[in-house]
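Subject: A structure for you to look at

Hi,

Here is the structure I promised to send over. Have a look around first, and then read on for what I found in it.

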Amino acid sequence: MSIFKGHLLGNVGFLNFKEVGETKIMELSVATKRWERGGETSQWNKVVAFGKTAEYLNDRATKGDVVFADGDIILENYEAKDGSKKVSVHLRAKQVNLISRNKANKEEESDKHKTSEVSSNSDFTTDDIPF
């Protein structure tokens with residue numbers, strides 16, 4: 001028996017939600033950073049989620065959000081158009097947690113939840129309250 005697990009913590013790039021029959025699928029890219037002697041390098045990682053996890057990401061996640069993905073590392077061999085053999089690596093997510101929203105998304109959400117306030121310049125008095 002062997003285990004080939006992976007964890008990713010990074011920023012969401014693209015999101016692609018689709019349904020194939022009854023199956024819900026979310027493909028997303030997650031940018032991760034790694035520090036080496038030469039400095040910082042970034043890498044895009046493909047993550048695929050299914051079912052309720054895919055629905056959750058479709059409803060909540062947007063570009064720039066920070067996510068933590070946990071799952072199995074999948075290697076798929078394929079043949080390119082030029083006939084060469086290639087390997088695709090992705091994380092088949094068992095769980096994806098939304099860690100934080102990007103700044104633009106936070107502002108949109110706070111605008112949705114703002115309550116109307118009476119300005120100090122209005123003609124509103126306590127006599128206007130019906131009780």
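Before we start, one term: a nonpolar core is a set of buried Ala, Val, Leu, Ile, Met, Phe, Trp, Tyr and Cys residues joined through side-chain atoms within 4.5 Å. Buried here means under 20% relative accessible area. Please also keep in mind that this is a predicted model.

The largest nonpolar core has 16 residues, and the ones that touch the most other members are Leu28, Val47, Leu57, Val67, Ala69 and Val96. At least two core residues come from each of β1, β2 (23–36), β3 (39–50), α1 (51–60), β4 and β5. Strand β5 gives the largest share, 4 residues. A bit of background: in soluble globular proteins, nonpolar side chains tend to be buried together.

Which residues does Leu28 touch, if you skip those up to four places away in sequence? They are Val12, Phe14, Leu15, Asn45, Lys46, Val47 and Leu57.

Now the overall layout. The protein chain has 2 helices and 5 strands, and along the sequence they come in the pattern β-β-β-α-β-β-α. There are 131 residues in the chain, and 28% of them count as buried. Among contacts with a separation of 6 or more, 54% are between residues 24 or more positions apart.

Next, how the strands pair. Strand β4 (residues 66–79) runs antiparallel to β1 (residues 5–20), with 7 bridges joining them. One place to look is Gly10, whose bridge partner in β4 is Val67. Strands β4 and β5 (residues 85–100) are also antiparallel, and 14 bridges join them. There you can find Asp70 opposite Gln95 in β5. The hairpin of β4 and β5 has 5 residues between the strands, and Gly83 in this hairpin takes a positive phi near 95 degrees.

On to the charges. Side chains of opposite charge can pair when their charged atoms come close. How many salt bridges does a search of the whole structure find? It finds 7. Three of them are worth a click:

- Glu27 pairs with Lys18, with the closest N and O atoms 3.7 Å apart. Glu27 is buried, because its relative accessible area is 17%, whereas Lys18 is partly exposed at 33%.
- Glu19 and Lys24 meet through their side chains at 3.7 Å, N to O. Glu19 is partly exposed, with a relative accessible area of 48%, and Lys24 counts as partly exposed at 22%.
- Asp72 pairs with Lys94, the closest N and O atoms being 3.5 Å apart. Asp72 lies in β4 and Lys94 in β5, so this pair ties together parts that are 22 residues apart in sequence. Lys5 belongs here too: salt bridges that share partners join Lys5, Asp72 and Lys94 into one network.

Phe4, Leu75, Val87 and Val89 form a nonpolar patch on the surface, with about 380 Å² of accessible area together. Is Val89 buried, partly exposed or exposed? Val89 counts as partly exposed, because its relative accessibility is 49% and exposed means over 50%.

Glu22 is exposed, with a relative accessible area of 78%. The C-alpha atoms of Glu22 and Gly51 are separated by 9.0 Å, and the two residues are 29 residues apart along the chain.

Terms used:
Residues are numbered from 1 along each chain as its sequence is written. This is a predicted model: local features need pLDDT of at least 70, side-chain atom pairs count only at pLDDT 80 or more; totals for chains, interfaces and linings use all residues. Side-chain values use heavy atoms; hydrogens and water are left out. Two strands pair if DSSP finds at least two bridges between them. Buried means under 20% relative accessible area, exposed over 50%, partly exposed in between (1.4 Å probe, protein chains only). Contact means heavy atoms within 4.5 Å. Patches are made of residues with over 30% relative accessible area and no salt bridge: like charges are joined within 9 Å, nonpolar side chains (Val, Leu, Ile, Met, Phe, Trp, Tyr) within 5 Å. Accessible areas come from the Shrake-Rupley method with a 1.4 Å probe; for residues, only the protein chains shown count as cover. A salt bridge is a side-chain nitrogen of Lys or Arg within 4 Å of a carboxyl oxygen of Asp or Glu.
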